[in-house]
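Open the model in your viewer and keep the selection tool at hand. The tour goes from one selection to the next and says what is found at each stop.

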Amino acid sequence: SRTAPDSNSILVSVSRDRGLSFSPLRTIRSVPVRRHMAKMGGQDRLMESQPLPRLAWGGGKFHLAWCEPGDTEGGRLVSCSTTNGEVFTDPVPLHGPEVRKVHYTALAAGVDGRLLAAWLDNRGAGQQPFASTRIDSTPTASTLVDQGAGNKGICPCCDLETLINARGDELVAFRHSVDGCRDIHLAWRPKGALEFQKAGPVSDRRWKFQACPHDGPSMAESGELITTVWMDAAEQKRRVFAATGSLASLPWKAEPLPLLHDGEQSQPRVAAGGRALGAAWLESFVENGNRKTEVVAAFRNARTGAWMPAKALSTGSDGVPTRPSAAMDPISGMLVAWFEQDQTGRNLVLARAKPTGACCCD
């Protein structure tokens, strides 16, 4: 949150009753804002550094990461952890001093407490994905995930996604740029290995697009299978798709997630817990001549593998929702948080999604 003209604050609120109520906000860290000029679309624009907070659970702890700018254009990605949301460790770097600029970040935690961070860095010919792993407070040098076609990087403005699976393998998902297509690709690093391997595109869909959609992938593991969700507009309409499988069976079959209003979908997030798996996204549509956007959620039936009907979570809101995030509680349902922009400013909203009809984990 912008708490001063030249600083942002990392704020934390804790629930101890499965999301029914939350504690008052506490400031964990104040992060300075750095500004610089950048050329976008042929025009000079004033850009501000963003802290980009990320939260992950693993090894019996919550892990919080964010970006802190340096004195020049570069910066660093740091993290701290807590067992109860009250006492946090001192922040430590998630990489060495080799980074040039950290942006479009992702964070995952394993059951052993290992952290996997990924980000885009422009130290090469273009924006390239890098990743680093940390178990203790010792920073590790980052590793190139994918150099990109012709060593020119990948899609430059979409968030990355990371996952440490049950076997301890590390996965990074990102929107690639190959032969004019902006499709979702995976790279993986087997547990104990030093380098990432290119796993390839998650599906056989191809989206020819000569710009960056600012809409990255999301991943979750349910059972021994990985589910990836993403947006593309290969049929000239933004739709959200899901694909599930093992690394050995790539590419996976893509299936569209259910529409609620026959509108356009974007910004999907997927969450898993036990055998339960659900997704949340935005759906934009026209109603009575006015354009509306709602946060929508759906669950997958674990027995049949089919996605159940979608349900709106933000009905009746006067604000414009954006950037949903999701976490699964197999007992009480999926918690979905998002921002809403209205005339008074930007608010953070949270709702609980429960499956309609058959249980998501039948």
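This is a predicted model: local features need pLDDT of at least 70, side-chain atom pairs count only at pLDDT 80 or more; totals for chains, interfaces and linings use all residues.

Two strands count as paired if DSSP finds at least two bridges between them.

Select residues 333-342, which make up strand 27. Its antiparallel pairing with strand 28 runs over nine bridges.

Now widen the view to the open sheet, where three strands lie in the order 26-27-28 with antiparallel pairing. Strand 26 (320-329) and strand 28 (345-353) are the edge strands, each pairing on one side only. From one strand to the next, the twist averages 20°. In general, the strands of a sheet pair through backbone hydrogen bonds.

Next, select Leu55, Trp57 and Phe62. These residues form a nonpolar patch on the surface, and together they have about 350 Å² of accessible area. Phenylalanine 62 belongs to strand 7 (residues 61-69). Its relative accessibility is 35%, so phenylalanine 62 counts as partly exposed.

The last stop concerns aromatic rings. The model has three aromatic pairs. One of them joins tryptophan 207 and phenylalanine 209: the ring centres are 4.5 Å apart and the planes meet at 15°, so this pair is stacked. The cut-off for stacking is planes under 30 degrees apart.

Which of these two residues is buried, and which is partly exposed? Tryptophan 207 is buried, because its relative accessibility is 6% and buried means under 20%. Phenylalanine 209 is partly exposed, with a relative accessible area of 28%.

Conventions: Residues are numbered from 1 along each chain as its sequence is written. Side-chain values use heavy atoms; hydrogens and water are left out. Helices (H or I, at least four residues) and strands (E, at least two) are DSSP runs, numbered from the N terminus. Axes are lines fitted to C-alpha atoms, for helices over the stretch in contact, and angles run from 0 to 180 degrees between N-to-C directions. Patches are made of residues with over 30% relative accessible area and no salt bridge: like charges are joined within 9 Å, nonpolar side chains (Val, Leu, Ile, Met, Phe, Trp, Tyr) within 5 Å. Accessible areas come from the Shrake-Rupley method with a 1.4 Å probe; for residues, only the protein chains shown count as cover. A salt bridge is a side-chain nitrogen of Lys or Arg within 4 Å of a carboxyl oxygen of Asp or Glu. Buried means under 20% relative accessible area, exposed over 50%, partly exposed in between (1.4 Å probe, protein chains only). Rings of Phe, Tyr and Trp (its six-membered ring) pair if their centres lie within 6.5 Å; planes under 30 degrees apart count as stacked, over 60 as edge-to-face and the rest as tilted.
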